[in-house]
Amino acid sequence: MQSIYALHQKNSNDIEKEEKFLMHSIDSIFDLYLTILSALVEIQKKEIEFLDASSKKHLATPQEKNPNKKFIQNSVIKSIADSPAFKQALDKRRINNWINDDSYILLLLADVKKSDIYERYMLDKKTSFEDDKKFILDIFEKVLAPNEKLYEYLEDYKLTWVDDIPVVNTQILKDLKSLSKDSSFEVSKLYKDIEDKEFVSLLFRKTVLNEVELAKEYIDKTPNWDADRIAEMDTIILKMAICELLKFPSIPVKVTINEYLELAKEYSTPKSSIFINGILDNLVKEFTLENKIKKTGRGLL
């Protein structure tokens with residue numbers, strides 16, 4: 001959607017250039033995933049360094065000489081740090097943000113340590129994998145994911161990450177929840193399979209190359225709106241949705257409608273989702289009567 005909008009704004013016909021940027025932007029989502037995930041590991045490393053330095057002070061207190069090591073021994077973070085797949089991904093993608101920007105890690109560590117979640121965890125004498133996991137899930141969901149300092153850093157580092165942060169945080173939570181005591185941490189894949197990756201290019205190209213024909217499908221269905229009065233983002237969303245309905249047989253109709261209504265709510269005008277829902281609802285009825293919608297598989301209508 002954003003790539004098609006960019007083409008319109010630039011008044012450009014260079015589809016290949018915009019498609020290349022689109023694929024690069026999606027590819028960088030994996031870097032964002034690794035960057036956020038590695039922050040957890042680096043936070044623990046900083047605390048290890050801090051406790052080690054404190055214990056070696058000339059006038060170290062008994063508490064500094066014998067600190068509570070529960071956090072630095074957290075088995076979930078250790079599972080991530082020791083994961084061969086995670087290490088390989090960091091090396092391959094050259095993710096080393098926190099080496100150059102460790103001041104942010106110190107800020108995140110401070111926020112973690114002043115939280116009630118951390119205090120309760122450290123005071124609890126019992127230790128188990130499940131306790132460690134619950135702590136990390138709570139810390140990630142309530143302290144790190146909504147952290148403004150982390151958000152600002154990620155936004156400044158790469159602007160295209162802004163819209164990807166929520167989905168990446170959701171995936172990390174999912175990965176953490178699925179981790180078990182006897183399993184190694186598995187790094188998520190960016191695409192489910194090759195078909196998943198091809199879908200991106202196909203949707204982009206089929207929408208851009210058929211914009212005139214796609215527009216004809218809804219242009220007479222808006223009697224109360226002049227064509228030039230419809231928000232440009234709405235026209236893009238409608239064209240993409242119609243493209244999916246007519247040219248992607250494996251995607252259920254309900255999925256298409258729901259996805260594009262969510263896009264309208266997030267990126268277009270306050271009334272756009274109602275407007276788009278009305279148009280798509282009528283088009284689906286019309287397409288069904290005219291036998292234009294060809295879906296394959298069970299439950300796709």
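Which residues of α15 are buried? They are Val-253, Thr-256, Ile-257, Tyr-260, Leu-261 and Ala-264. Buried means under 20% relative accessible area, and exposed means over 50% (1.4 Å probe, protein chains only).

## About the model

This is a predicted model, in which local features need pLDDT of at least 70, side-chain atom pairs count only at pLDDT 80 or more, and totals for chains, interfaces and linings use all residues. Residues are numbered from 1 along each chain, and side-chain values use heavy atoms, without hydrogens and water.

## Helix α15

Helix α15 covers residues 253-267. Helices are DSSP runs (H or I, at least four residues), numbered from the N terminus. From first C-alpha to last, α15 reaches 21 Å, close to the 21 Å expected at 1.5 Å a residue. The expected span is 1.5 Å times one less than the number of residues.

Seen down the axis of α15, the buried residues fall within an arc of 125 degrees, so they line one face of the helix. The arc is that of the directions from the helix axis to the C-beta atoms. The face turned away from the buried side carries exposed Lys-254, Lys-265 and Glu-266. The cover over the buried residues includes α12 (194-209), α14 (232-247) and α16 (272-289). Contact means heavy atoms within 4.5 Å.

## The cavity

The count is 1 cavity of 30 Å³ or more. A cavity is a set of points on a 1 Å grid over the protein atoms alone, where a 1.4 Å probe fits but cannot get out; lining residues have an atom within 4 Å of a point.

Among the residues lining the largest cavity are Leu-144, Asn-147 and Tyr-151. Helix α10 gives the largest share, 3 residues.

Definitions and conventions:
Helices (H or I, at least four residues) and strands (E, at least two) are DSSP runs, numbered from the N terminus. On a 1 Å grid over the protein atoms alone, a cavity is a set of points where a 1.4 Å probe fits but cannot get out, and a pocket is an open set with protein on both sides within 12 Å along at least five of seven lines; lining residues have an atom within 4 Å of a point. Grid points are joined across faces, edges and corners, and a volume is the space filled by probe spheres set on the points.
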